[in-house]
Amino acid sequence: MYHEPFFYYRMKTHPKTAIICGSRLGGLADVLDNKTVFLYEDIPHFPQSTAPGHLGRLVFGELNGQLCVCRQGRFHYYEGYSISTVTFPIRVFFLLGVEILIVTNAAGGLNPHFQVGDIMFIRDYISIFGLGGQNPLHGPNDERFGVRFPCMSDTYEQDLLGLAMESAQELGIVSFTQEGIYCQLAGPSYETIAECRVLQALGVDAVGMSTLPEVIVARHCGLQFFGISVTTNRVVMSYDNHEKANHKKALHISVVRAEALQKLVTRLLGKVGENTNPL
Ligand code: HPA
């Protein structure tokens, strides 16, 4: 048996939901009730986050009455971490007894109907990493976490998507809520026009630089997943368009949408809690 993570013993309660906050979206952790905060640097073996817009803290608490742990600051492959380091916290969550993983991220919109500021519920994904042979489950399988060949066709939890859509309707934010296919590239360079055209032809609605290795590891160990991408920019698809992708602007849009996301996740968790036979 694995030893439970060190904070397992320090917490009287154990969260059922883990939330990973994207760039400038970490405000969610601040609104948790009854918070207990751990700095990454104080957690044995935990990697440190170096990306701008990311803090480095695990915040335990309650959101809408539901126990959860919020990760403020994530580790990206483009920072130089290996995929196994990027996904390490997911297995920590699993060992803590977490059952649901909620991820928010920033993404470039490829779908021509998407506007800057739209939020997209992730319905499916294309992992360019995975297609290229870089899967976080590569290597010997540890059966204590999951099976050798995990199914991914059910990655996106329909019930969670339904509850999220219901929440969006109740909050009156459907005018900027979308559903679609997310694709992750390694980053940190943004995509070329030719790359964007290829991705669009593949059916990608939004492209970003995070999330999918974590999703694969989460699904491997049986966590339910729900993801939201904030469209921080529209990718450049034409040589006549002289706009340039810009991280500062992207962070600004994330800040603008942070409150709506916070309300959405809060309401969603309330609905998950109400569900007597949870998902
Ligand atoms: N491409 C990749 N990642 C991103 C983008 C983008 O256009 N916008 C925000 N994250």
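Reply: Helix H6 is mostly covered, since 9 of its 9 residues are buried (under 20% relative accessible area with a 1.4 Å probe, protein chains only; exposed is over 50%, and partly exposed lies in between). The model is predicted, and local features need a pLDDT of at least 70, side-chain atom pairs count only at pLDDT 80 or more, and totals for chains, interfaces and linings use all residues. Residues are numbered from 1 along each chain as its sequence is written, and side-chain values use heavy atoms, with hydrogens and water left out.

The buried residues of H6 are Leu-212, Pro-213, Glu-214, Val-215, Ile-216, Val-217, Ala-218, Arg-219 and His-220. The list thus includes the charged residues Glu-214 and Arg-219. For the protein chain of 279 residues, the buried share is 52%. Its secondary structure comes to 7 helices and 9 strands, which are DSSP runs numbered from the N terminus (helices: H or I, at least four residues; strands: E, at least two).

The partner of H6 in packing is helix H2. The axes of H2 (residues 83-96) and H6 (residues 212-220) come within 9 Å and cross at roughly 45°; axes are lines fitted to C-alpha atoms, for helices over the stretch in contact, with angles from 0 to 180 degrees between N-to-C directions. That angle makes H2 oblique to H6, because under 35 degrees counts as roughly parallel, over 145 as roughly antiparallel, 65 to 115 as roughly perpendicular and the rest as oblique. The crossing of H2 past H6 is right-handed, that is, the near helix is turned clockwise from the far one by less than a right angle.

Which residues make this contact? On the H2 side they are Ile-83, Val-86, Thr-87, Ile-90 and Arg-91. On the H6 side they are Pro-213, Glu-214, Val-217, Ala-218 and His-220; contact means heavy atoms within 4.5 Å. These residues divide into 6 nonpolar, 2 polar and 2 charged (Ala, Val, Leu, Ile, Met, Phe, Trp, Tyr, Cys and Pro count as nonpolar, Asp, Glu, Lys and Arg as charged, and the others, Gly among them, as polar).

The chain on either side of H6 also deserves attention. Thr-211 is found in the loop between strand S8 (206-208) and H6. Its phi is near 90°, a positive value in a residue other than glycine. Most residues other than glycine have a negative phi. Thr-211 counts as buried because its relative accessibility is 0%. Just after H6, Gly-222 takes a positive phi of about 85°.

Asn-64 is found in the loop between S3 and S4. At 41% relative accessibility, however, Asn-64 counts as partly exposed. Within S3 (residues 57-63) is Leu-58, a buried residue with a relative accessible area of 0%. The C-alpha atoms of Leu-58 and Pro-89 are 10.0 Å apart in space, while the two residues are 31 apart in sequence.

Of the contacts in the protein chain with a separation of 6 or more, 82% are between residues 24 or more positions apart.
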